[in-house]
Amino acid sequence: MKNVAILTSGGDSQGMNAYISKLVGLLVKNKINVYGIKRGFQGLLDEDFIKLNLKNVENISFLGGSVLKTARCTEFYEDKGVEKGFNILKNHKIDCLVVLGGNGSFKGALNLIDKGMNVICIPGTIDNDLFYSDISLGFDTAVNNAVDTIEKIKQTMLSNNRGIIVEVMGRNCGNIALNTALSVNANALIINEDKKSIKNAENYVKNAILNGVESPLIVLQENIMDGQKLADKFQKKFKKQFKFEHIGYIQRGGEPTVKDKIFANLLAIQTMNSILKGEFNIAIGMQKESIFNIPLKEALTKESNFNKNLYELYLSNL
Ligand code: F6P
């Protein structure tokens, strides 16, 4: 093994830089050349390669985002694009490509494996929607950011006796919303995985108000409904001011939490060990606090790892 390349793809997530920093250090120690490919699969097709060394990455582990930048590349959905990417990697004599990203990026990686490339995939997405792993890199920081922001919003809502609906990220997965709701003690939660949760939210809010709650708080997962319309509806129904906040990209920025930094380092150590053992075409993940490898194909057999037990527990106490 002489040359390894790394790229980050799809939505960036906190901890990607910590992972890059650790892995580059380990590869250099093992006398393996390492290249960064800028802007994910798009940068691969544009041959945007840079040689990485310790100097480039020594001081990046506390930064959010990705120093390699990221992109969503539609050209890579087509076989022509994948073939072109594969040939570019071959021309650069890359023996193994490391891909940090979510479901979409893993699918791109799988196509490269079919062409004959050695690939290792790392779960880098705030959504925590990769079914094979209990957790993905950036999820813990994103939830912490959402909670931090909502606690601030709550203070002003409480002072004004206003209800509040807060929309969080997660794409089609309710894990960010659920963990946020549990942390801020939300009165209702609306998620994709429970189609009745829209209807039920109204009852939960009604009961909360009857029990004396002056500022009901509803956590809404993105891509479900118009939060402003729901706030208007609740305002009319409960004769109380309701505000809507879409907290957006603040969830994806900032320094990774200690949990994400440790996870990033463990993922990098496992990557290095897999490279040394010649284990490729895998996704690395975490289950029950243990790091493990799974064939990439298997990692993609289901879409989501929504934590149903945790959701039941949350509902049982509303
Ligand atoms: O997949 C990560 C994520 O942050 C989702 O939670 C969100 O829906 C999406 O990316 C936003 O994507 P973009 O950065 O392209 O707007």
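**A helix and a ligand**

Helices here are DSSP runs of H or I with at least four residues, strands are E runs of at least two, and both are numbered from the N terminus. A word on the source: this is a predicted model, where local features need pLDDT of at least 70, side-chain atom pairs count only at pLDDT 80 or more, and totals for chains, interfaces and linings use all residues. Residues are numbered from 1 along each chain as its sequence is written, and side-chain values use heavy atoms, with hydrogens and water left out.

Back to helix 7, residues 175-184: seven of its 10 residues are buried, meaning under 20% relative accessible area with a 1.4 Å probe, protein chains only. Among them are Ile176, Leu178 and Val184. And what do the buried residues of helix 7 pack against? Their partners include helix 6 (139-159), strand 6 (163-168) and helix 12 (308-316), with contact meaning heavy atoms within 4.5 Å.

Now, the ligand. The residues around it, each with a heavy atom within 4 Å, include Arg72, Asp127, Glu222 and Arg252. Let me point out some polar contacts, which are pairs of N or O atoms within 3.5 Å. A polar side-chain atom of tyrosine 249 is 2.4 Å from a ligand oxygen. For arginine 171, a polar side-chain atom lies 3.3 Å from an oxygen atom of the ligand. Glycine 170 uses a polar backbone atom, 3.2 Å from a ligand oxygen. Thanks, everyone!

Methods:
Buried < 20%, exposed > 50% of the residue type's maximum accessible area, 1.4 Å probe, protein only. Polar contact = N/O pair within 3.5 Å; in protein donor to acceptor, adjacent residues only side chain to side chain.
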